[in-house]
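Hello,

Here is the structure I promised to pass on. Please open it alongside this note, and then read on for what turned up in it.

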There are 2 protein chains.
Amino acid sequence: MSEGSPRSPVVMKFGGSSLATPERVRVVAERIARRHRQGDAVVAVVSAQGDTTDELLARLHELAPDPPAREVDMLLATGEQQSAALVAATLGTFGVSAVSLTGWQAGIVTDPSHRRARIHGIAPERIRRLLAAGHVVVVAGFQGLNDLGDVTTLGRGGSDLTAVALAASLGGTCEIYSDVDGVYTADPRIVPDAHRLETISYDEMMELAALGAQVLQARAVEHAWQHGVEVQARSTFADGPGTKVLAGTGTERIQPVTGTALDRSVARILCERVPDRPGIAAQIFDALAEGPINVDVIVQSPSHEGRTDIAFTVSEEDALPAEEIARAAVARLGGGHVSRDADVAKVSLVGAGMVSRPGVASRVFRTLADEGVNIIAISTSEIKISCLVRREDGQRSLQAVHRAFGLGEGQEEQAE
Amino acid sequence: MSEGSPRSPVVMKFGGSSLATPERVRVVAERIARRHRQGDAVVAVVSAQGDTTDELLARLHELAPDPPAREVDMLLATGEQQSAALVAATLGTFGVSAVSLTGWQAGIVTDPSHRRARIHGIAPERIRRLLAAGHVVVVAGFQGLNDLGDVTTLGRGGSDLTAVALAASLGGTCEIYSDVDGVYTADPRIVPDAHRLETISYDEMMELAALGAQVLQARAVEHAWQHGVEVQARSTFADGPGTKVLAGTGTERIQPVTGTALDRSVARILCERVPDRPGIAAQIFDALAEGPINVDVIVQSPSHEGRTDIAFTVSEEDALPAEEIARAAVARLGGGHVSRDADVAKVSLVGAGMVSRPGVASRVFRTLADEGVNIIAISTSEIKISCLVRREDGQRSLQAVHRAFGLGEGQEEQAE
């Protein structure tokens, strides 16, 4: 996009953990100030400090167990606004003139929905004017304003989306700073010999992010892909190149699998002995989509005596509403038993190389079978394989597939 | 204004102490809900919870000892926004549909200044629309938006001003709720037999508020007076009529003194041996006004050897900047010694009846003299007498004048 121009702005996004203490806020400000002094036009996007969002939600739920989504957004948006003001003021102590902006002041317009609003557009004039005047602009992430004039939020990890959308709108690049120095072949806390990827393709990164890799938010990667924004995942506390998300690098890899992920925040909803009529699954999943609840791995059993079992996974935080919606839908369809199982984990492998390399799925199944792990359900796409396993088997499963596909530090790809 | 119409809105303002705990937020919501059920159109104005504002300032000052005023406002405004969302969500649990609004969403436009912005105007269309649709509107107090699109705050106690300005704009009445059930002849914690006033005039209330009576903010009372808004000070936690602020009630009183106040948050700045030329005081006080620092009691001593002493009081929080500004001004004028004395307190008597009753001042001086209290400085207006005393003498002085003017519960006015 803008690689040729040395003055195209850089959007630096800092997560809540990078801002959790005054010392860390100073490190973040120092990093922004250094970049500003190098002559870059800098827009910083900040999340709420540390556990602020969870603390605000706890305070709210104590008063209102089922609060209106509009008021949740109104409350949560304050966390990022506080961060933005604190970072802007701290930049002043480094001799850098900085101006904080809320989402709406930054011109971020969203659809009318709350909690998971989508960005409809950005009016970047105010940011452009401030950058042209030599200021660093610090934008409160995670939030926007809808056409009704209500504050909206963009969902967990939404500050990544703010950063990417601003970079797209300003014709700049985007750097996402966090505690880790890039995207790894697996979570290094679980797989010690996991190694950092120099590059990853947009589609691989999207899958990994959606599968629980916490470095980048899936919707942000999708947005970057659509708008050709160069995204880099870097460490707040160390120098280094991090991981670059680029178009089309994945298929050039030698290995079929680029990265792996373990998501232990999933739950399985089981709808047993539902009357088996055409369109039965559609009716259940339409009701869930209206929730709105994202459904992942879906398994429908063969019909038996005119009845069928349908199972699907959702994120743990959606488990309770998903169960209720499914139970109501099943009741409308003529009955059946609906239950919830939180004792599951999802192990996933992602790689654009899978498309051209058959046999990846069978190697996964064989690897898990050799480990004595029972696969509860499977979901595959062109570049992804996810296996649902018992939660106690999750860590061992991840380690096994990571090893089987030669992803370890210095590990050669093993012959089939 | 709107007394005839049973449906003119009521603006109910709740202070930070009334919202300090979840239990208190529930009490506030219950009170608002009750009023709503009685058929009133209710606008609630809320302050930040408990010590939130001070805590935010502490977090900011740890990072930036001298932060830009713009960023201070950006940070502090979040406290009221949180309160508004929490109260609106809690109203939902009482079956009341409520919508929270920030200052700018409520249409509050201020001048460009920060920390102590003045309300320039209110565009109440959104509130009117929400009220007409049957919602309770919960407005974040203390804040507005200036013409540059920046968030501004209205100064300590600014939520009172928000409430009065909204009442004026909507043609409604205003009720200010706090821990105390009205305006007293003195602070009951210091003078146990102080009694609640049924009514007080705007001018008396303004003086008392400016003198440190915490029930109502002086600028809010001034705004109410200018716009003919009926204001009532009531208790959040008890029923009862509170105190009504009305036009012209003061002069009908039998007693010359309506109320008394003790302000222990004052400091005295002493400029010694300043060259005595015409306009010398004006130059010092012009510099302070630009601060902007409100100067209260001013005393200039007779000239001696071509030099003079000028002393004045300021609020304790302004003491340090006031001393610095005065020192710079005095240096420009040719030198002299500037010092700061925080060991002072201000005892004041307010009463519209003073105008027509001579001898009040002399009775104050005699009373304090009989108590052995030394008066450091004096300031008077048509309806007010303030005496600066040593801080250790403050409480005793207040009790003495309260007694001397017959303000105690059931106490008859004493003959001269």
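**Where the two chains meet**

In this predicted model, 27 residues of chain B are in contact with 27 residues of chain A. On the side of chain B that touches chain A, the elements giving two or more residues are α1 (22-37), α2 (52-63) and α3 (69-93) of chain B. Of these, α3(B) gives the most, with 14 residues. If you sort that side of chain B by class, you get 14 nonpolar, nine polar and four charged residues.

How are the two copies related? A rotation of 180° with 0.0 Å of shift along its axis superposes chain B on chain A, with an RMSD of 0.1 Å. The copies are thus related as by a two-fold rotation axis. The same surface serves both of them, as 100% of the contact residues of chain B recur in chain A. To find the axis on your screen, look for T78(B): of the residues of chain B, T78(B) comes closest to the rotation axis, with its C-alpha at 2.6 Å.

**The α3 pair**

T78(B) also belongs to the contact between the two α3 helices. The axes of α3 (residues 69-93) of chain A and α3(B) come within 8 Å and cross at roughly 165°. That angle is over 145°, the cut-off for this class, and the two helices are therefore roughly antiparallel to each other. The crossing of α3(A) past α3(B) is left-handed.

Which residues meet here? On the chain A side they include E71(A), M74(A), L75(A), T78(A) and Q81(A), and on the chain B side they include E71(B), M74(B), L75(B), T78(B) and Q81(B). Further along, A84(A), A85(A), L86(A), A88(A) and A89(A) are among the residues of α3(A) in this contact, with A84(B), A85(B), L86(B), A88(B) and A89(B) among those of α3(B). By class, the residues of this contact divide into 14 nonpolar, six polar and two charged.

**Within chain B**

Chain B has an open sheet of eight strands with mixed pairing, in the order β3-β6-β2-β1-β9-β11-β12-β10. Its edge strands are β3 (98-101) and β10 (199-201), each of which pairs on one side only. From one strand to the next, the twist averages 20°. Inside this sheet, β2 (residues 42-46) and β6 (residues 136-140) of chain B run parallel and are joined by four bridges. There V46(B) stands opposite A140(B) in β6(B).

Another helix pair to look at is α10 (residues 360-370) and α11 (residues 394-404) of chain B, which pack at an angle of about 130° with their axes 10 Å apart. The two are therefore oblique to each other, and their crossing is right-handed. R363(B), V364(B), T367(B) and L368(B) in α10(B) meet S397(B), A400(B), V401(B) and A404(B) in α11(B). This contact is made up of five nonpolar residues, two polar and one charged.

**Strands in chain A**

In chain A, β16 (residues 307-315) pairs with β14 (residues 266-275) in the antiparallel sense over eight bridges. I269(A) stands opposite F312(A) in β16(A). Strand β15 (residues 298-300) of chain A also runs antiparallel to β16(A), with three bridges joining the two, and here V299(A) stands opposite A311(A). The hairpin of β15(A) and β16(A) has six residues between the strands, and E305(A) takes a positive phi near 50° in it.

Conventions:
Residues numbered from 1 in each chain as written. Chains lettered and ligands numbered in written order. Predicted model: local features only at pLDDT ≥ 70, side-chain atom pairs only at ≥ 80, totals over all residues. Contact = placed C-beta atoms within 7 Å. Nonpolar A, V, L, I, M, F, W, Y, C, P; charged D, E, K, R; others polar. Axes fitted to C-alpha atoms, helices over the stretch in contact; angles between N-to-C directions. Parallel < 35°, antiparallel > 145°, perpendicular 65-115°, else oblique. Left-handed = near helix turned anticlockwise from the far one by under 90°. Least-squares fit on C-alpha atoms with pLDDT ≥ 70 in both. Pairing = 2+ DSSP bridges.
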